[in-house]
Amino acid sequence: MSKVVYEGWMVRYGRRKIGRSFIHMRYFVLEHRLLAYYKKKPQDNVVPLKTLLIDGNCRVEDRGLKTHHGHMVYVLSIYNKKEKYHRLTMAAFNIQEALIWKEKIESVIDQHQESQAVNGNKYQSFEYKSGMDNGRKSSSSDHESQFSAAEDEDDSRHSLMRRTTIGNGPPESVFDWTKELDTDLANQSTNNQAFSRKHWRLLQCQNGLRIFEELIEVDFLPKSCSRAMKAVGVVEATCEEIFELVMSMDATRFEWDCTFQYGSLVEEVDGHTAILYHRLQLDWLSMLVWPRDLCYVRYWRRNDDGSYVVLFQSRQHENCGPQPGFVRAHIESGGFNISPMKPHHGRPRTQVQHLTQIDLKGWGVNYISSFQQHCLLQMLNSVAGLREYFSQSDERAAAPRIPVMVNMTSASVSSKKSEKLYGSSVHKRSMSLDQITSSNKNVSMMDDYSDEDEDFQVPDQEVLPPSLDSEVKKSASEEELADNIDLSIFSGNLRRDDHEKARHCWNISDGNNFRVRSRTFCYDKSKIPAGKHLMDLVAVDWFKDSKRMDHVARRPGCTAQVASEKGLFSLVINVQVPGSTHYSMVFYYVTKKLIPGSLLQRFVDGDDEFRNSRLKLIPSVPKGSWIVRQSVGSTPCLLGKAVDCNYVRGNNYLEIDVDIGSSTVANGVLGLVIGVMTTLVVDMAFLVQANSAEELPERLIGAVRVSHIELSAAVVPKLDPDPSDLPKS
């Protein structure tokens with residue numbers, strides 16, 4: 001076996017002959033003359049699933065972003081020009097990893113090309129001209145890289161750079177404002193200029209940004225014609241990190257773009273072009289002015305210098321007509337130009353330009369001149385949001401996955417089918433994760449058909465290493481067992497109330513509010529909304545006493561005892577709050593029975609060391625003061641490592657007594673919380689941490705929301721002496 005140049009987990013990606021897409025995790029290995037992939041990390045003389053010989057005639061095509069089940073992946077296709085139909089397609093959940101593979105493969109190709117040149121033989125050219133002679137060379141995302149005669153005629157050109165992507169270039173209607181910028185820069189023979197002085201003037205400096213306004217050589221500009229404006233700022237992050245945020249249309253966008261309300265994918269044209277629907281959140285007299293939305297084409301490319309260009313232009317689409325309650329704004333031109341700069345003190349720096357030329361439509365534009373400019377400045381401030389997003393972290397986190405996109409077209413089709421099958425229902429604006437996933441089942445992505453290792457897969461199966469099949473089957477069984485439990489037989493002294501403004505009560509918190517480790521966490525550190533709980537929360541008790549209350553499940557007639565009499569299994573979580581008066585909030589989770597061999601069963605029947613290393617809490621404070629929300633946070637915590645946990649295994653139940661007072665840090669946070677409990681809404685999710693591929697994905701034991709708890713309403717329980725505490729005779 002020759003020396004390995006690079007290896008690691010990547011996504012095997014393509015489309016079956018029936019037209020359905022597939023995606024699987026595979027272990028790719030790049031050697032000096034061979035690229036191969038396996039179902040798992042190879043050992044000894046394992047035969048690969050597929051191989052591709054690497055020589056100087058090989059190409060690496062950058063196929064851009066593709067959508068699968070709502071997730072976006074960055075696709076590379078490697079093939080040999082002499083064997084055009086023998087190719088290997090791979091993808092990554094983040095652009096950084098895809099670009100590393102692209103660089104490694106191209107370096108191997110270059111070595112073969114150089115060695116052959118020494119022997120007097122010449123390889124074919126790797127690329128054709130881009131046709132852009134304006135200074136900066138763009139990648140071939142501006143051209144279709146198909147197998148054509150034009151490529152063969154290009155064999156004698158040796159000075160051309162290798163450009164490796166297949167986008168068709170921006171649609172004719174989309175104005176590429178970055179070309180004018182590059183032309184001006186080339187004519188001025190200057191570097192790192194943010195704008196062309198010929199067309200722009202500085203309007204103001206705001207939030208560390210320079211805001212420019214387009215200079216138009218006319219005496220009078222009608223109100224219906226808007227001037228282009230752009231913001232220029234420096235962000236301490238790599239181009240790839242910023243690009244992935246700019247392309248996002250999920251919850252992460254709320255953290256840096258104050259004008260974002262909702263976004264979805266209408267149509268995927270190719271790997272570089274898509275039609276998007278976008279709702280704006282503008283704060284200018286929102287009680288009087290109708291909200292705005294957009295339907296536009298978005299095109300992107302990566303230039304040879306590592307910069308990214310993202311272009312916007314409004315577009316009409318049959319599946320994205322006018323929406324009730326919204327005014328459809330019109331983007332005349334816009335987008336982002338993300339360019340690398342020299343690092344500063346070891347930290348990467350990137351110049352971000354955000355241009356917007358938009359007609360917001362409606363009466364506000366015609367009658368109030370400040371409306372347009374105020375909204376434009378609000379949109380341009382997203383560059384400052386990007387800067388602050390990255391500057392507030394000293395550590396560089398793992399490369400993020402390219403974010404989820406909701407498919408608007410498929411979602412509407414799915415909802416219509418649902419109405420026909422199950423009857424009419426009220427259509428909710430916000431889609432759950434399950435709806436998003438099901439709405440993207442039929443997305444077709446590329447022209448590669450399946451090879452031998454995918455022929456027996458179920459169509460549209462999620463990314464799932466073979467070792468995880470049994471876990472999925474167990475999860476389905478666990479869901480079945482959680483159903484059909486008569487909840488009316490259980491009661492606690494704290495009432496359940498599902499009303500949003502209810503006080504001193506509890507209700508079930510939606511599992512999708514919490515993010516847990518996905519099936520592929522071992523490979524890409526990704527997390528997903530948790531979804532359905534494994535157990536049902538059937539009752540909550542709120543106790544107080546002069547001493548700490550341990551083993552509360554021994555009380556005759558309590559929920560755990562009732563469940564045991566019915567043959568059900570209970571998990572009792574007793575959160576103990578110390579003080580001059582001791583409090584306990586007790587949660588009773590019930591299921592029909594434990595699945596033998598499941599992670600939950602191993603936790604229940606395991607030793608205390610195993611339990612302490614696995615019991616995890618995910619907290620959240622949806623409503624409360626800022627200082628409390630910051631103190632509690634939302635970071636998952638291994639309870640057994642943070643505080644003392646005592647485990648009591650009884651007849652058909654396990655009680656976990658969580659002593660908050662055993663931790664100095666937890667006591668400090670508790671001091672802030674206890675005095676303002678009546679003002680707080682607190683979410684808590686409990687789960688068993690998954691540490692191996694066989695245990696993934698993680699599943700919540702259960703989640704609860706407690707609202708505006710009154711200390712005075714706690715009840716003193718009647719606890720018989722614990723037999724284990726009695727002196728032995």
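Tutor: The model is predicted, so local features need pLDDT of at least 70 and side-chain atom pairs count only at pLDDT 80 or more, while totals for chains, interfaces and linings use all residues. Residues are numbered from 1 along each chain as its sequence is written, and side-chain values use heavy atoms, with hydrogens and water left out.

Student: What class does C522 receive, and why?

Tutor: C522 has 35% relative accessibility, so this residue counts as partly exposed.

Student: How many disulfides are there by the rule that is applied?

Tutor: A disulfide is a pair of cysteine sulfur atoms within 2.5 Å. The count by this rule is 0.

Student: What makes R12 count as buried, and where does R12 lie?

Tutor: R12 is located in strand β1, residues 4-15; strands are DSSP runs of E with at least two residues, helices are runs of H or I with at least four, and both are numbered from the N terminus. The relative accessibility of R12 is 3%, so R12 counts as buried.

Student: Which side chain does that of R12 contact, and why is the contact called polar?

Tutor: A polar contact is a pair of N or O atoms within 3.5 Å; within protein, one must be able to donate a hydrogen and the other to accept it, and residues adjacent in sequence count only if both atoms are side-chain atoms. The side chains of R12 and Y37 make such a contact at 3.0 Å.

Student: Why are β21 and β26 said to stand at the edges?

Tutor: Two strands pair if DSSP finds at least two bridges between them. The order in this open sheet of 5 strands is β21-β23-β22-β27-β26, with mixed pairing. β21 (536-545) and β26 (644-650) each have a single partner strand, so one side of each is left without a neighbour in the sheet.

Student: What is the sense of the pairing between β22 and β23?

Tutor: β22 (residues 569-577) and β23 (residues 582-591) pair in the antiparallel sense over 9 bridges, and Q576 stands opposite S584 in β23.

Methods. Buried means under 20% relative accessible area, exposed over 50%, partly exposed in between (1.4 Å probe, protein chains only).
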